[in-house]
Amino acid sequence: MRSPKGQQLDHHPYAALTCYWPELAQQIRLRGPVVPLSAEASIADFSRRPERSRAAILAARQSEILESPRDLETAIQGQLYRLSAEPGLISPHWVLFALAPREVEFWQADSNRHFTRLRYRRDGDDQRWERNLLWP
């Protein structure tokens, strides 16, 4: 939650995800509101991560200026020591989010650079999806 992305999601909880498969010339894009998951889910996710990953998360000051790679390694080593002394230590800033898509777009290309774009969209709490073919 301390990272720029975490702060942005806190102020404007809306996001988009895109997955592209170049070998298949296919893409999917999802857009919608983002909600934080439960504290229990965040704790479980953090706890399942490898020890060095948890240490790096605890040491992180994401997007701040790093004067030297040695500073990062020193911080991680300090958190590894802390984790060995407190095995159940959890980062209070580790929060999982979920995207609840309101719009899903499928994109397909062919060898002639013709694109097929198919969009599914729903508004508000309506569970019905509107389907549209889009111009490339």
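Which residues form one aromatic cluster? Y20, W107 and F115 do.

## Basis of the report

This is a predicted model, in which local features need pLDDT of at least 70 and side-chain atom pairs count only at pLDDT 80 or more, while totals for chains, interfaces and linings use all residues. Residues are numbered from 1 along each chain as its sequence is written, and side-chain values use heavy atoms, with hydrogens and water left out.

## Aromatic pairs

Rings of Phe, Tyr and Trp (for Trp, its six-membered ring) are paired if their centres lie within 6.5 Å; planes under 30 degrees apart count as stacked, over 60 as edge-to-face and the rest as tilted. The count by this rule is 4 aromatic pairs.

## Strands and hairpin

Helices (H or I, at least four residues) and strands (E, at least two) are DSSP runs, numbered from the N terminus. Two strands pair if DSSP finds at least two bridges between them. Strand β1 (residues 14-21) pairs with strand β2 (residues 26-36) in the antiparallel sense, over 8 bridges. Y14 is placed opposite P33 in β2.

The two strands β1 and β2 form a hairpin with 4 residues between them. A25 lies in the loop between β1 and β2 and has a phi near 55°, a positive value in a residue other than glycine.

## Nonpolar core

A nonpolar core is a set of buried Ala, Val, Leu, Ile, Met, Phe, Trp, Tyr and Cys residues joined through side-chain atoms within 4.5 Å. Buried means under 20% relative accessible area, exposed over 50%, and partly exposed in between (1.4 Å probe, protein chains only).

The largest nonpolar core holds 9 residues: F46, A55, I57, L58, A59, I76, L80, L83 and L89. Helices α3 and α4 are the elements that give two or more residues to this core, and α3 supplies the largest share, 4 residues. In soluble globular proteins, nonpolar side chains tend to be buried together.

## Pockets

On a 1 Å grid over the protein atoms alone, a pocket is an open set of points where a 1.4 Å probe fits, with protein on both sides within 12 Å along at least five of seven lines; lining residues have an atom within 4 Å of a point. Grid points are joined across faces, edges and corners, and a volume is the space filled by probe spheres set on the points. Ala, Val, Leu, Ile, Met, Phe, Trp, Tyr, Cys and Pro count as nonpolar, Asp, Glu, Lys and Arg as charged, and the others, Gly among them, as polar.

The largest pocket has a volume of about 560 Å³. Its lining has 17 residues, of which M1, S3, Q62, H93 and W94 lie nearest the centre. By class, this lining divides into 8 nonpolar, 5 polar and 4 charged residues. Helix α1 (residues 4-11) gives the largest share, 3 residues.

The second largest pocket holds about 230 Å³ of space. Among the residues that line this pocket are A56, R61, Q62, E64, D71 and A75. Two or more lining residues come from each of α3 (51-59) and α4 (69-85), and α4 gives the most, with 3 residues. The lining of the second largest pocket has 7 nonpolar, 1 polar and 3 charged residues.

R54 lies in helix α3 and counts as buried because its relative accessibility is 13%. R54 and S91 are 37 residues apart in sequence and 8.2 Å apart in space, C-alpha to C-alpha.

The loop between α3 and α4 contains S63 and E64. S63 has a positive phi, near 75°, in a residue other than glycine, and counts as exposed at 63% relative accessibility. E64 is also exposed, at 52%. From E64 to K5 the separation is 59 residues in sequence and 13 Å in space, C-alpha to C-alpha.
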